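Dear colleague,

Please find the structure below, together with its sequence. The notes that follow set out what was found in it.

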Amino acid sequence: MEKVQIAYEFLISQISEKPKTAIILGSGLGGLIEEIKILERIAYSEIPHFPISTVEGHGGDLIFGFLNAVPVMAMSGRFHYYEGYDMSEVVFPFRVMKLLGVERLIVTNAAGGLNEDFEAGDLMLIEDMISLLPDNPLRGRNNDKLGPRFPDMSEPFDIDWMEKTKSEANRLGLELKTGTYIGLQGPKLETKAEIRYCRIIGGDAVGMSTVPEVIAANHMGMKVLGISVITNESIPKVAKEFTHAEVVAVANQAGKKLVELVKAIV
Ligand code: HPA
């Protein structure tokens, strides 16, 4: 928490607006940045104690500015457990956000579609999630100032916010699928048997991010909204080899719909 405090003090000295809404831009979803009237853009490497992202297709900046006249902060580039960070590093930015006064978090990601009704390019509102990660950001001594020892996770995604998002999607004529996101450690992709398993336990989409930040945000009492861009179909009968470049290309394309939706939600 000392490191979080130092990062917070640095950021608060740099920014001119304190946002209440933060947006995490997943793989290939950086298009939203063009919609933000940027006040400050701060590289992770400039922020004391901030981790630095290593994945191709991710930037590594905190962006402060206005989206539709609403002050927001956006994270371009996130920290994945598979990169080798420990969980406290993965959720470090969200704890800094809490000190900055962020109350609402919009989490986006690229995910494989497990549900047979999904196609590459679809948007999925994350209604619930299953953690298959081997670790948890709340493991260890609890910091009671951040949140309770045993946080409720019965509604990790805010119900009212989801309803509003569905009606905004409807108004914009955007199809929005809904489902459960399964977070895996990665970085390997799933075997066909693992895909079957993820479907049997109730998953509609699978990815390697999002779960730690949603846990940390719930712990700190933030409202969370999650949207996945389905970049490939992870269905045993059609599952085929795909590359990270393909994932980013689909995310870039479908990301345009997501940008429209996120703008409307904000
Ligand atoms: N599996 C895991 N993570 C992913 C996938 C997938 O099929 N697609 C995009 N991120």
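**Findings**

The side chain of Arg78 reaches the backbone oxygen of Thr108 at 2.9 Å, a polar contact, meaning a pair of N or O atoms within 3.5 Å; within protein, one atom must be able to donate a hydrogen and the other to accept it, and residues adjacent in sequence count only if both atoms are side-chain atoms. A further polar contact, of 2.7 Å, links the side chain of Arg78 to that of Glu213. Arg78 belongs to the loop between strand S4 (70-76) and helix H2 (87-90); helices (H or I, at least four residues) and strands (E, at least two) are DSSP runs, numbered from the N terminus. With a relative accessible area of 2%, Arg78 is buried, a word that here means under 20% relative accessible area, while exposed means over 50% and partly exposed in between (1.4 Å probe, protein chains only).

As to the source, this is a predicted model, in which local features need pLDDT of at least 70 and side-chain atom pairs count only at pLDDT 80 or more, whereas totals for chains, interfaces and linings use all residues. Residues are numbered from 1 along each chain as its sequence is written, and side-chain values use heavy atoms, with hydrogens and water left out.

**The ligand**

Which residues come nearest to the ligand? Of the 13 residues around it, they are Gly112, Glu190, Thr231, Asn232 and Ser234; a residue is counted as near if one of its heavy atoms lies within 4 Å of the molecule. A polar side-chain atom of Asn232 is 2.7 Å from a nitrogen atom of the ligand. Gly112 places a backbone N or O atom 3.3 Å from a ligand nitrogen atom, and Ser234 has a polar side-chain atom 3.0 Å from a ligand oxygen atom. The ligand taken alone exposes 260 Å², of which the protein buries 94%; these areas come from the Shrake-Rupley method with a 1.4 Å probe, and for residues only the protein chains shown count as cover.

Strand S5 (104-113), strand S8 (205-207) and strand S9 (223-233) are the elements that give two or more residues to the shell around the ligand. S5 gives the most, with three residues. By class, the shell has seven nonpolar, five polar and one charged residues. In this classification Ala, Val, Leu, Ile, Met, Phe, Trp, Tyr, Cys and Pro are nonpolar, Asp, Glu, Lys and Arg are charged, and the others, Gly among them, are polar.

**The nonpolar cores**

In soluble globular proteins, nonpolar side chains tend to be buried together. The largest nonpolar core in this model has 77 residues, of which Leu62, Val96, Met97 and Leu105 touch the most other members; such a core is a set of buried Ala, Val, Leu, Ile, Met, Phe, Trp, Tyr and Cys residues joined through side-chain atoms within 4.5 Å. Helix H7 (residues 244-265) contributes the largest share of this core, seven residues. A second, separate core of six residues includes Ile182, Ile195, Cys198 and Val206.

Leaving aside neighbours within four places in sequence, the residues in contact with Leu62 include Leu11, Ile42, Phe50 and Met75, contact meaning heavy atoms within 4.5 Å.

**The loop between S6 and H4**

Leu138 is placed in the loop between strand S6 (123-131) and helix H4 (159-172), and is buried at a relative accessible area of 12%. Its C-alpha atom is separated by 9.0 Å from that of Pro212, 74 residues apart along the chain. Apart from neighbours within four places in sequence, Leu138 is in contact with Arg95, Arg149, Pro151, Ile215 and His219.

Asn142 is found in the loop between S6 and H4 and counts as buried at 16% relative accessibility. The side chain of Asn142 makes a polar contact of 2.8 Å with the side chain of Asp144 and reaches the backbone oxygen of Gly147 at 2.8 Å.

**Backbone features**

The peptide bond from Gly186 to Pro187 is cis, with omega near 0 degrees; Pro187 is in the loop between strand S7 (176-183) and helix H5 (192-200). His49, although not a glycine, has a positive phi of about 70 degrees, and at 40% relative accessibility His49 counts as partly exposed. Asn68 is not a glycine either, yet has a positive phi of about 55 degrees; Asn68 counts as partly exposed at 46% relative accessibility.

With kind regards
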